[in-house]
Amino acid sequence: MTFSEALQTPLLAERMSRVKESPSSRVADRVRAFQAAGRPVIPLTIGEPDFDTPEHVKDAAIQAIHAGETKYTSADGTPALREAIKARLLRKTGQSYGAGEICVGGGAKQLIFLAFLATLDEGDEVIIPAPYWVSYPDMVTVHGGRPVVVATTASTGYKLTPSLLRESITDRTKWVVLNSPNNPTGAVYSEAELRGLADVLRANPRVSVLCDEIYDAINFRAQPVPSTVTAAPDLRERIFLVNGVSKTYAMTGWRIGYGAGSAALCTAITTLQSQSSSCPSSVSQAAAVAALDGDQEFVERAVRIYAERRDLLVSGLDAIEGLRPVIPQGGFYVWTDCSALAGTATPSGARIESDADLAEHILETSGVVVITGDSYGCPGHFRASFALSADTIREAVAGLAHSISLLRRG
Ligand code: PMP
């Protein structure tokens with residue numbers, strides 16, 4: 001049964017009509033249908049590291065199982081995990097978070113969901129700069145909030161500016177979401193840019209900021225990725241930092257994320273956690289401790305490999321007429337402007353009007369799958385992942401070049 005069919009049944013609550021199926025699962029369905037028909041695909045849609053979880057992390061989980069760490073833990077995580085998170089936050093932000101100012105959940109995603117559940121009343125507004133990670137708007141609407149999508153452009157590196165922020169704030173604004181490094185653009189906010197945004201927040205004391213820092217360790221700059229709380233420590237009570245082990249340590253399936261912020265928010269989230277899942281998986285928590293506290297050589301190696309693949313994908317895309325890739329500063333995606341191809345036609349005469357038309361043409365003619373910009377609130381673009389082998393990236397670039405070479409003007 002599809003989600004829209006399920007919505008027709010009397011069983012589902014009204015709020016379910018405010019949620020959409022995630023664009024990635026729609027694309028996954030399309031890919032499966034293609035594969036079922038025996039047609040090969042090259043999925044540039046991958047949203048997780050293709051590396052395996054480091055051995056010492058797996059070993060820690062196995063040891064935890066043998067040591068009987070297989071019971072419920074406290075809803076805010078084991079003491080060992082809270083300590084490891086505190087230490088990581090201190091290293092990154094220079095801020096010392098107390099035990100009550102940390103919460104732990106089944107992935108960063110769950111913590112963002114719970115943060116909105118805990119704070120949004122009907123009609124409260126959340127400022128979401130576009131392009132945005134696909135889940136933010138739905139997480140806001142399902143809890144009765146109103147996403148205020150603020151378009152950003154290439155001229156500001158697809159980043160929110162102080163003036164855009166100022167213009168978007170109303171009496172109902174509860175949150176602004178900042179995601180750095182950004183999914184899908186790879187943009188990283190500099191400390192100066194964060195300070196500029198913080199000035200606006202100082203003038204608007206009821207607005208909090210949700211900083212999704214899940215990609216902060218996959219960083220291609222010489223400097224570490226700055227955190228909002230480092231740029232504006234005086235706003236710490238209004239900053240909710242969200243992070244996790246999924247992307248940094250190739251642990252997407254282990255489902256451990258964490259948040260740090262005001263004691264009121266963290267307590268509310270932990271209370272919701274205790275009434276929903278009780279606690280995150282005990283075994284995964286033990287693994288996350290090993291990841292955060294253990295040898296970081298894995299991360300350094302992964303970043304070096306990502307950097308090579310990034311260069312390969314960016315230069316490949318850049319050489320294709322009509323595409324303008326943005327060089328990502330972090331994460332593992334290349335955001336590409338393809339708006340110049342609008343108005344072209346395929347050999348069969350079908351017109352390319354949108355990024356969705358282009359993605360379909362590319363899939364049909366070379367089996368390469370990208371996620372269209374409209375999924376991120378920014379049409380005329382697509383996102384291509386480089387969490388794939390160099391050979392696959394080369395094959396994908398050749399496929400894209402072939403598909404686009406088939407397009408004709410007029
Ligand atoms: N935030 C962003 C921007 C993401 O891209 C993702 C994963 N796709 C998440 C949060 C969720 O991460 P986790 O696996 O920790 O739930």
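**A conversation about loops, helices and a ligand**

Author: Ala250 is located in the loop between strand 7 (239-244) and strand 8 (257-260). Please note that this is a predicted model.

Reader: What is the phi of Ala250?

Author: Ala250 has a positive phi of about 50°, although the residue is not a glycine.

Reader: And is Ala250 buried or exposed?

Author: Ala250 is buried, as 22 other C-beta atoms lie within 10 Å and 20 or more count as buried.

Reader: What about Ser278: where is it?

Author: Ser278 is in the loop between helix 10 (263-276) and helix 11 (282-293). Its phi is near 75°, a positive value in a residue other than glycine. Ser278 is exposed, with 11 other C-beta atoms within 10 Å.

Reader: Changing topic, how do helix 12 and helix 14 cross?

Author: The axes of helix 12 (residues 297-318) and helix 14 (residues 390-405) cross at roughly 10° and come within 10 Å. The two helices are therefore roughly parallel to each other, since angles under 35 degrees count as such.

Reader: Which residues make that contact?

Author: Helix 12 contributes Glu308, Arg309, Leu312, Leu313, Gly316 and Leu317, while helix 14 contributes Ala390, Ile393, Arg394 and Val397. By class, six residues of this contact are nonpolar, one is polar and three are charged.

Reader: Now the ligand. How many residues surround it?

Author: The ligand is surrounded by 13 residues, the closest being Gly107, Ala108, Lys109, Gly244 and Ser246. This shell has three nonpolar, eight polar and two charged residues.

How values were computed: Residues numbered from 1 in each chain as written. Predicted model: local features only at pLDDT ≥ 70, side-chain atom pairs only at ≥ 80, totals over all residues. Axes fitted to C-alpha atoms, helices over the stretch in contact; angles between N-to-C directions. Helix = DSSP H or I, 4+ residues; strand = E, 2+ residues; numbered from the N terminus. Parallel < 35°, antiparallel > 145°, perpendicular 65-115°, else oblique. Contact = placed C-beta atoms within 7 Å. Nonpolar A, V, L, I, M, F, W, Y, C, P; charged D, E, K, R; others polar. Near = placed C-beta within 6 Å. Buried ≥ 20, exposed ≤ 12 C-beta atoms within 10 Å, placed from the backbone.
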